[in-house]
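Please read these notes with the model open beside you. They are meant to be checked point by point.

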Amino acid sequence: MFDLSTLEWIIIICSGLLIGFAKAGVASMGILVVTIFMIIFPARESVGILLPLLIVGDLFAVTYYRINVVWRYLFSLVPWVLIGIVIGYFVLDYVTSEQLKPMIGILVLALILLHISREKLGERFNEMLPGSKIFTFSMGILAGFTTMIGNAAGGVMAIYLLVKGLPKKEFVGTGAWFFLFVNVVKLPFYISLGMITVESITFNMWLIPAILVGAIIGVKVIKIMPQKVFQVLVLLFAALGAIRLIIG
């Protein structure tokens, strides 16, 4: 078992709740969890620890939103996402934890800027993005790469699905199936890189109840909580975490 202080255990358990909450509909919270894990664990190791936890959340999400999915938007991405995952695999094979930290930090900040641009510009932002195959394969490769190197493709997929104009439930449901697919595909890559071990899986098992509780709470709270205010707070803390990763 990992040697963590009491405070770190409390933070990790809260992160488990946040994973469930994010998978239940508040996707931007995933960025915050990525930064928390990279602060507590070595950056490269944290990516492997986080993946099985995300899959648990994904399984809950696809069960709850099982009928709210637009398959054609997923199928058009699949080949390009796989290319991005392979590229990310080779990057992970050659970078150290210290090199990965600023890379993920910069990536998280970039995704936050994309999210803010989307919120500020609204439909104008969508109109600036091409609706062509170039847009689809660019977003697919970027989503595959970012999810492979840091479980951080939430912002990329948010923009892709927004451009497609999906209603709220279809937006969440389609994203849930996407992340279950890519996270399962990533498993053998992470195992081959030694990023998922018996020790890390044992650690994951302790956090499954927290993820499920967070998801159940998320399903209920998302219906009554103003998402705008919630996302602003999440993005603020995510930005602080990303800056912490960059400056070391």
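1. Two definitions come before the first check. Helices (H or I, at least four residues) and strands (E, at least two) are DSSP runs, numbered from the N terminus. The expected span of a helix is 1.5 Å times one less than its number of residues. Helix 1 (residues 6–23) has 18 residues and should span 26 Å at 1.5 Å a residue; its end C-alpha atoms are 26 Å apart, so the two values agree.

2. On the source: this is a predicted model, in which local features need pLDDT of at least 70 and side-chain atom pairs count only at pLDDT 80 or more, while totals for chains, interfaces and linings use all residues. Residues are numbered from 1 along each chain as its sequence is written, and side-chain values use heavy atoms, with hydrogens and water left out.

3. The overall make-up is twelve helices and zero strands. Along the sequence the pattern reads α-α-α-α-α-α-α-α-α-α-α-α. Of the protein's 248 residues, 52% count as buried. Buried means under 20% relative accessible area, exposed over 50%, and partly exposed in between (1.4 Å probe, protein chains only).

4. Which residues of helix 1 are buried? They are I12, S15, G16, L18, I19, G20, F21, A22 and K23. As background, an α-helix has 3.6 residues a turn, so residues three or four places apart point the same way.

5. The structure holds one salt bridge, a term for a side-chain nitrogen of Lys or Arg within 4 Å of a carboxyl oxygen of Asp or Glu. D58 forms this bridge with K23, and their closest N and O atoms are 2.7 Å apart. D58 lies in helix 3 (residues 43–64) and K23 in helix 1, so the pair ties together parts that are 35 residues apart in sequence. Are these two residues buried or exposed? D58 is buried, with a relative accessible area of 0%, and K23 counts as buried at 16%.

6. A210 belongs to helix 11 (residues 198–221). A210 is buried, because its relative accessible area is 11%.

7. Helix 10 (residues 168–192) has 25 residues and should span 36 Å; its end C-alpha atoms are 37 Å apart, which agrees. Where does helix 10 bend? The bend is at K186, by about 30°, and a proline, P188, follows within four residues. A bend here is the angle between axes fitted to the seven residues ending at a residue and the seven starting there. K186 is among the buried residues of helix 10, which also include V172, F178, F179, L180 and Y190. After helix 10 comes G194, whose phi is positive, near 75°.

8. Helix 5 (78–94) and helix 8 (133–150) each supply at least two residues of the patch, and the largest share, three residues, comes from helix 5. F137 sits in helix 8 and counts as partly exposed, because its relative accessibility is 31%.
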